[in-house]
Amino acid sequence: MRIMRYFVITAFLAVMICSCTNTNKAQRLVNKFMKDNMADTVRLTNVTFSKLDSTTRVNDSTLKAMLAETNRILLYKKNITFNQKATYPLMFISVTYNTQNDSTVRQQTFYIDKELQGIVAMKNY
C-alpha cells in the first residue's frame, strides 16, 4: 500500500514538472515570435498566458484560413513566416496583452507543433 501511494505521488509530480516545462517552452516560443514579428513601434504591457493544451480540431484547411488572416492583424508585420511542419495534434497557448498606447485588451492563440519546435499559425480575437 505504501509503495502504491509513493508511486502515485511520484507519477503525479513527474507529470506536473513536464507540464510546467512544456508551458514555459511554449511561452518562450510565443514571446520570441511576438518580438520578431510585431511592428517595431509596438510595446506590450500586462502580458498573460493561458495553460498549454492540445487540440484535434485544427486541420490543414483551418491552418490555411488562419494563415490568410494573419496579414490583417495590424500590430504584426506583413508576410510572417511560420513553421511549415504542422505535426498533429497541435498544441496551443493563448496570450492576452495591452499595447503601451492603447488600453484595449488583445488576445491571440498560437498553434505550435506537438514537439514544441515552432509556431505553425495564430488566431486573432
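Q: Before we start, what is a nonpolar core here?
A: A nonpolar core is a set of buried Ala, Val, Leu, Ile, Met, Phe, Trp, Tyr and Cys residues joined through side-chain atoms within 4.5 Å. The model in question is a predicted one.

Q: Which residues have the most contacts inside the largest core?
A: Phe33, Met34, Tyr76 and Phe110 do, within a core of 21 residues.

Q: And which elements each supply at least two residues of this core?
A: They are helix α1 (2-37) and the strands β3 (90-99), β4 (102-112) and β5 (119-124).

Q: How many residues does the other core have?
A: That core, which lies apart from the largest one, has 7 residues, including Leu63, Leu90, Tyr111 and Val120.

Q: Back to Met34: what is it in contact with, beyond its neighbours within four places in sequence?
A: Met34 is in contact with Leu44, Tyr76, Val95, Tyr97, Gln108 and Phe110.

Q: Gln108 is in that list; is Gln108 buried or exposed?
A: Gln108 counts as buried because its relative accessible area is 1%, under the 20% cut-off. Gln108 belongs to strand β4.

Q: What joins the side chains of Gln108 and Tyr76?
A: A polar contact of 3.2 Å joins them. Beyond neighbours within four places in sequence, the contacts of Gln108 also include Ile73, Ile93, Ser94 and Met122.

Q: Changing topic, where is Glu69, and how exposed is it?
A: Glu69 is located in helix α2 (residues 60-70). Glu69 is classed as partly exposed because its relative accessibility is 43%.

Q: What separation do the C-alpha atoms of Glu69 and Met122 have?
A: These C-alpha atoms are 8.9 Å apart, while Glu69 and Met122 lie 53 residues apart along the chain.

Technical notes: Residues are numbered from 1 along each chain as its sequence is written. This is a predicted model: local features need pLDDT of at least 70, side-chain atom pairs count only at pLDDT 80 or more; totals for chains, interfaces and linings use all residues. Side-chain values use heavy atoms; hydrogens and water are left out. Buried means under 20% relative accessible area, exposed over 50%, partly exposed in between (1.4 Å probe, protein chains only). Helices (H or I, at least four residues) and strands (E, at least two) are DSSP runs, numbered from the N terminus. Contact means heavy atoms within 4.5 Å. A polar contact is a pair of N or O atoms within 3.5 Å; within protein, one must be able to donate a hydrogen and the other to accept it, and residues adjacent in sequence count only if both atoms are side-chain atoms.
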